[in-house]
Amino acid sequence: MSEASPVAAVVSEPVARRGFRLRTLGGWFGLGVAVLLVLTALLGPWLSPYSPEAIELSAELAPPGPGHLLGAGENGIDVLTHVLHGARVSLVVAFFAVVVSALVGATLGALAGYLGGLVDEGVMRVVDVLLAFPGILLAIFITSVLGPSLANVVFALSFTGWTGYARLARGQVLTLREREYVQAARALGSGSARILFRHLLPNAAGPLLIQATFAFPGAILAEASLSFLGLGVPPGTPSWGALVDQGTQYLLVAPHVALFPGLALALTVLGFNFLGDAVRDALDPKRVER
Amino acid sequence: MRRAVSASIAVVGALLLVSLFLNLVPGDPIDVMLGEQASEVDREALRRSVGLDQPWYTQLWTFTRAFVTGELRTSLPPFQKKVLPAIGEALPKTLLLTLASLLISVALAIPLGVAAAARKGTAVDSAAMGVAVAGVALPRFWLGPMLIIVFALWLDWLPVSGAESWRHLVLPSLTLGTALAAFLSRMTRAAMLETLREDFVTTARAKGLHPRVVLWKHAFRNALLPILTVLGLEFGGLLGGAIVTEKVFAWPGMGTLLLTAIEKRDYNTVRATVLVFTLCYVLVNALTDVAYTLVDPRVRRRS
């Protein structure tokens with residue numbers, strides 16, 4: 001494999017091999033939140049005191065106490081159990097939504113930038129159309145037609161989410177393809193596919209990774225919003241957004257039902273935002289923090 | 001001109017997507033919408049009213065013509081009301097809500113961001129940016145209920161929900177505007193730090209002008225362009241966020257109209273509201289472009 005472009009390999013910028021260090025308190029906080037979330041998602045079912053389907057009518061809307069540490073909700077469901085299981089839904093949906101959007105977006109964007117012409121026009125016009133929908137509206141529209149399910153949420157978020165990566169990858173490819181190492185690779189007889197996937201995309205990976213890190217809390221928030229609207233997870237599935245929705249009906253008598261899943265969500269989003277900042281600073285040392 | 005062309009392409013594309021999305025659903029979309037147990041009569045009625053018994057180009061033409069002429073009717077037999085009057089009632093409410101939250105976020109963010117930039121590195125700066133960082137992370141559908149608990153249920157200062165008076169507007173617009181306020185104050189700070197480094201600021205200071213005059217008349221006016229850019233771009237976020245906020249406060253706007261229509265499976269209203277939202281968004285983005293040239297003569301010369 002490597003005999004095709006020894007020069008290119010040497011001249012190529014070693015983006016991926018650059019050291020990665022967290023330099024700020026916020027970065028460590030973000031990493032802590034991320035690790036905590038992953039652990040909760042993995043171990044949630046063993047950590048939670050009840051089953052998410054468990055119904056205990058005598059405990060309906062009970063305040064936080066010894067039996068239910070974070071209180072109980074409608075039909076006596078355990079809030080702590082639903083918060084722990086909700087972490088799993090959040091993480092899984094956000095992970096797949098981000099991965100699918102990034103792969104689709106980066107590939108289409110890189111192709112548009114590399115091939116130019118009609119492909120470029122076509123891809124970028126589709127991007128324009130999708131960006132004409134404000135915020136979460138398109139995802140609402142799609143899930144309203146397809147119905148609530150985890151797969152449909154992932155589809156809706158990917159369908160709307162890939163545009164950012166496409167723009168970014170296209171811009172990166174447009175500047176990178178004129179670099180000397182790309183010309184060197186071409187002179188040595190590398191084909192388009194090899195240049196695109198071995199030279200251009202790896203060197204565009206830094207900004208794409210930064211974008212993905214910031215998109216992650218966005219996807220978590222979007223899933224929660226859709227579930228809050230009744231368009232995300234199917235009824236009964238533990239999700240932070242769905243639990244807040246349930247809690248809004250009992251704000252006076254049982255504020256804890258809405259309080260705790262929302263806190264978990266806010267903390268998660270905050271942590272991942274900090275982590276995004278840290279990843280950006282680590283991958284882009286040229287950027288001076290003001 | 002180029003802007004106008006790409007905006008119209010976006011609008012036409014959105015129209016295509018909205019009117020034909022049903023055809024892209026795997027399987028029979030009527031099954032998805034009504035469930036497989038629905039009676040044959042209901043299924044046929046819905047199929048006809050959303051136009052699925054027609055080829056796609058007829059569907060597109062029928063929907064577009066009905067939408068433009070205001071003849072579009074709800075897709076729920078037997079009482080097929082016109083969609084346009086409902087939108088005419090809901091749209092001003094949503095615009096009122098978004099504009100109020102835009103004003104609130106500007107009123108909060110600009111003093112906060114300017115103060116943080118003017119006292120960079122001090123406790124004021126850290127406190128302001130701490131608030132800003134937290135504000136971005138608060139989900140609206142959670143912030144809203146928490147504000148209701150504190151200001152409506154405990155303190156009893158403001159109503160829980162509805163849209164009868166200006167007092168009903170306070171909590172929804174705070175809920176909708178907080179995230180933008182937080183983001184905008186960071187942008188304001190960054191833009192101010194940029195302009196405070198410029199030579200003309202140093203000159204103004206050297207002339208012995210009052211620091212406040214330098215800060216607002218020299219630095220702030222030049223920091224306005226990036227702030228305006230952000231405002232225009234984020235307005236769409238506000239429109240989208242209004243859907244969630246309206247549900248929390250039972251605010252009778254476009255979001256409530258859309259969600260009720262989804263619940264009732266009134267597909268024509270869903271399509272029409274989504275399209276109107278999109279038109280508003282595209283229009284605001286176009287207006288933002290115009291606003292640039294008014295604020296910054298340099299942009300006018302360049303284009």
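Tutor: A helix here is a DSSP run of H or I with at least four residues, numbered from the N terminus. Keep in mind that this is a predicted model.

Student: How do you know what the elements of chain B are, from the N terminus on?

Tutor: They run α-α-α-α-α-α-α-α-α-α-α-α-α. Chain B has 13 helices and zero strands.

Student: What makes a residue of chain B count as buried, and how many do?

Tutor: A buried residue has 20 or more other C-beta atoms within 10 Å of its own. Of the 303 residues of chain B, 40% count as buried.

Student: Which residues form the contact of helix 5 of chain A with helix 6 of chain A?

Tutor: First, the axes: those of helix 5 and helix 6 (residues 150-176) of chain A come within 9 Å and cross at roughly 145°. Helix 5 of chain A brings A:Leu138, A:Ala139, A:Ile142, A:Thr143 and A:Leu146. Helix 6 of chain A brings residues including A:Val153, A:Ala156 and A:Phe159.

Student: What classes do the residues of that contact fall into?

Tutor: Eight are nonpolar, three are polar and none is charged.

Student: How many residues does each chain give to the contact between chain A and chain B?

Tutor: Chain A gives 35 residues and chain B gives 41. Helix 10 of chain A gives the most to the side of chain A that touches chain B, with seven residues.

Student: What is that side of chain A made of, by class?

Tutor: It divides into 23 nonpolar, nine polar and three charged residues.

Technical notes
Residues numbered from 1 in each chain as written. Chains lettered and ligands numbered in written order. Predicted model: local features only at pLDDT ≥ 70, side-chain atom pairs only at ≥ 80, totals over all residues. Contact = placed C-beta atoms within 7 Å. Helix = DSSP H or I, 4+ residues; strand = E, 2+ residues; numbered from the N terminus. Nonpolar A, V, L, I, M, F, W, Y, C, P; charged D, E, K, R; others polar. Buried ≥ 20, exposed ≤ 12 C-beta atoms within 10 Å, placed from the backbone. Axes fitted to C-alpha atoms, helices over the stretch in contact; angles between N-to-C directions.
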